Structures are given as structure tokens and as C-alpha cells.
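Please view the sequence and the structure together before reading on.

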Amino acid sequence: MARDILVLGAGMVGVSTAWHLLQRGHRVTLVDRNAPGRETSFGNAGIIQREAVRPYRFPRDLTTLTRVLPNRRVDIRYRPSGMAQAALPLFQYWRNSAPARYARIVPEYAALITRARDAHAAMIDAAGADDLIRQEGYLEVFRTADAFDAGCRQAEQDADEYGVTHDILDSDTLAQREPDLAPRLAGAIHWTQPWTATDPGALVAAYADHFQQQGGRFVQAPLETLSRHGNGWQAVAGGDTFFAEQVVLALGPWSTQWLDQQRLHVPLFVKRGYHMHYGARDNARLRHWLMDSETGYLLAPMRAGIRLTTGAELARHDARPHYRQLAAAEAVARTLFPLGDRLDPQPWMGARPCTPDMKPVIGPAPGLPGLWLAFGHGHQGFTMGPITGQLLGQMMDGEPTEVDMAPYRADRF
């Protein structure tokens with residue numbers, strides 16, 4: 001039976017959810033203060049991942065923690081105020097990174113990642129967005145033999161357990177694939193299954209355009225209030241009032257402030273990230289998306305230039321930007337590839353919504369009938385958006401889901 005459904009948030013997760021609900025015959029209105037794909041979904045590395053079956057763990061060994069403490073690393077930085085604000089969820093994150101707990105989390109996380117690319121494929125085809133997609137995987141580059149050997153061992157394990165495919169490139173083969181990289185690198189893992197988007201924000205916009213072409217409604221306006229109304233929900237956005245039988249909250253890091261108003265608390269913290277686009281010197285060419293594994297940044301040959309994305313910054317969501325992490329990543333990247341001038345007026349910054357157990361929140365809001373949740377995807381909102389929308393649509397229509405959804409429900413907290 002068709003229902004009136006309101007989806008709040010037009011990032012990859014919200015747009016994908018609205019798209020799937022519309023395909024199911026519901027009357028769907030999508031609301032966001034910005035155009036689709038202009039927040040966190042805009043600034044990521046643009047990889048639709050298949051190999052990332054293991055979520056990012058909190059470092060627990062003393063050696064790594066000692067390296068992190070000076071706060072000068074490229075892959076992870078922190079602001080004391082942000083650490084203090086998120087102390088409890090960060091402690092829970094640390095606990096869940098212990099070997100036994102983490103071993104239980106990985107297969108639940110992998111159940112989404114291994115289905116994500118196929119979910120994208122259906123939407124890419126429907127939206128006619130093939131021109132934004134490259135199906136060539138990406139390279140994870142290693143500088144030292146020890147790290148390279150460890151990475152290869154993990155890749156073999158993931159191949160056995162989760163069907164992850166890859167090629168091992170020694171130093172010479174890597175130099176042939178990417179002749180403009182610095183010489184004498186240890187090697188690389190070519191992850192062959194992932195797809196990459198040359199403009200991540202444009203891919204979200206293409207999905208949103210198709211949603212509207214098929215009869216969905218998009219309203220660009222800031223959300224002002226959200227409240228129960230009879231057997232349904234009422235939202236005020238941009239001065240207009242919307243009534244719906246059901247609401248999907250897909251506002252990424254902004255989701256919890258609206259849940260708090262409903263007296264429902266879900267532990268969430270943010271990992272901020274930065275990017276900048278560059279040209280290339282001396283007619284150099286970057287042929288693949290490339291992760292500098294031991295340093296913790298990524299270079300991506302996108303439409304707007306070579307995008308450098310940083311690792312994570314643990315900080316308050318509303319704290320002013322701190323560009324030293326980006327500057328440190330740029331300095332190292334210039335030793336790997338001949339980057340040219342910066343192309344953007346200023347760096348971009350976004351915030352990834354993260355949960356203490358590394359899994360997204362997908363499912364009904366406990367004690368709030370008609371309110372559904374879809375956020376907390378951490379580093380993988382761009383990858384997991386379509387599979388989240390597909391599974392949430394099955395849940396909302398009371399159908400069996402192809403994945404056990406209990407590990408992602410909000411009542412697990």
C-alpha cells in the first residue's frame with residue numbers, strides 16, 4: 001500500500017533511501033537544506049568499495065598509540081575538546097576494537113559492504129550515470145617491505161573469507177602501471193572489484209535527478225521542527241509544513257540532535273576529513289586512485305583535478321577547521337607524485353558520522369512508531385547508501401530482508 005514518506009537528508013544515504021522507496025510505489029518527499037550530495041557525500045574519495053570488509057579499528061597497541069599522541073600524523077589527528085565531548089563513545093569504540101569483539105563485528109559489517117556495489121549498479125544504470133564511473137579498482141601503495149608483506153597476508157585472508165579479489169604488484173610492475181610515482185616503492189595491492197566516481201557529488205545528484213524524474217519530490221529547505229502528529233509525523237522546513245505517515249532520518253552527523261529532541265539517544269561521534277584538488281607538474285599523470293597505505297591519505301584523479309583526501313580528525317563537529325593535517329598530507333604526497341598547484345580557493349571539510357561499534361544505524365527508532373533511522377555509516381556512507389536504502393525499504397514494507405538487520409538496529413545500544 002502506498003504511503004506518504006518524508007526522507008530527511010539528501011546525502012548518498014538519504015537520496016538512495018528516497019529512490020528505493022519511490023521504486024516501491026510510495027509517495028516520497030526528500031528534504032535537505034542544500035542541494036543533493038553537497039555535504040559529506042560531496043567530499044569523499046569517490047570509491048564504491050567492495051574490499052573494505054573490515055571497518056577502521058581504534059588503535060590499541062602501545063606502539064601505534066605512542067605515534068598518535070604527538071598529534072602530528074597524517075592518518076589521524078585529534079582536538080582535545082573533541083575527544084572530551086565524545087569520551088564515552090570513543091571509549092566504547094576502543095573496547096569494540098579488542099580482538100574478540102572486533103571479530104564479531106567484521107562479518108556484520110562485511111554483509112553490507114559485499115552487497116554495496118551491486119546496489120549501486122542498479123541505480124547507476126537507471127540514472128544513466130555510467131560516464132561518472134570507472135571500473136578499474138584502485139591501488140594501495142606500500143613504502144616498506146614489512147608493511148607490504150602484512151598487507152598481502154591480510155588480502156589473502158579476505159579473499160578466502162569474503163571473496164575479495166586483488167592483484168599483487170611488485171615494485172617494477174607498480175612502476176609500469178604508474179610511471180610518474182616516486183621510485184623504489186615496495187609494491188602495491190591492486191584491489192580489482194571497487195568502482196570509482198570521478199565526481200562523487202555529481203553521482204548523488206544524478207541519483208536525485210532520476211528520483212525526481214520518476215515522480216519524487218525534492219524540497220531544498222532547512223529542517224526547523226520534527227514532531228509526532230496523530231498517527232504520523234509533522235515536519236516544518238523552510239516555513240512549510242509537511243505531513244507524512246513515516247519519516248526516515250538520514251541526516252548524517254546532524255541526526256542525533258533531532259533524535260535528542262525525541263528523547264532518544266544514539267551514541268554518535270564524528271571523524272572530520274579534508275580535501276583539496278591539485279594539478280600535476282611536468283605533464284605527469286595519475287592513472288589510478290591511489291592510497292598511500294602507511295601514511296594514510298588518498299589521491300584520486302577526478303574531474304576537478306587530483307583530489308587529496310586526508311585521514312580522520314577527531315574534533316567537535318562545529319569546531320573551526322584545522323588545516324595542518326591537510327598540509328602534512330600534501331607534503332608527503334608531493335614526495336610520492338609530482339602534484340602541481342592547488343586548484344580550490346580553500347580546502348573542503350566534512351564530517352563522517354561514526355558509531356562506537358563501527359556499524360551504521362539502520363531500522364526503526366525504538367518507541368517512536370513511524371520514524372526510521374539511516375545514519376552512522378562512518379567512512380562508508382558513499383559506498384553503503386544504496387544497499388541501506390534497499391534494505392530499509394524491505395524493512396518498512398514488512399518484507400524479509402536479505403541481511404539480518406538486528407546488528408544495525410538502534411536498540412542495540
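Which helices and which strand each supply at least two residues of the lining of the second largest pocket?

## Basis of the report

The model is predicted: local features need pLDDT of at least 70, side-chain atom pairs count only at pLDDT 80 or more, and totals for chains, interfaces and linings use all residues. Residues are numbered from 1 along each chain as its sequence is written, and side-chain values use heavy atoms, without hydrogens and water.

## The second largest pocket

Helix 3 (80-85), helix 4 (87-96), helix 9 (255-261) and strand 15 (269-280) each supply at least two lining residues. Helix 3 gives the largest share, three residues. Helices (H or I, at least four residues) and strands (E, at least two) are DSSP runs, numbered from the N terminus.

The lining comprises 20 residues, and Gln85, Thr256, Leu268, Phe269 and Val270 lie nearest the centre of the pocket. A pocket is an open set of points on a 1 Å grid over the protein atoms alone, where a 1.4 Å probe fits, with protein on both sides within 12 Å along at least five of seven lines; lining residues have an atom within 4 Å of a point.

## The chain as a whole

The chain has eleven helices and 23 strands. Its C-alpha trace spans about 65 × 45 × 45 Å along the principal axes. Of the 413 residues, 57% are buried (under 20% relative accessible area, with a 1.4 Å probe and protein chains only).

Note on methods
Buried means under 20% relative accessible area, exposed over 50%, partly exposed in between (1.4 Å probe, protein chains only).
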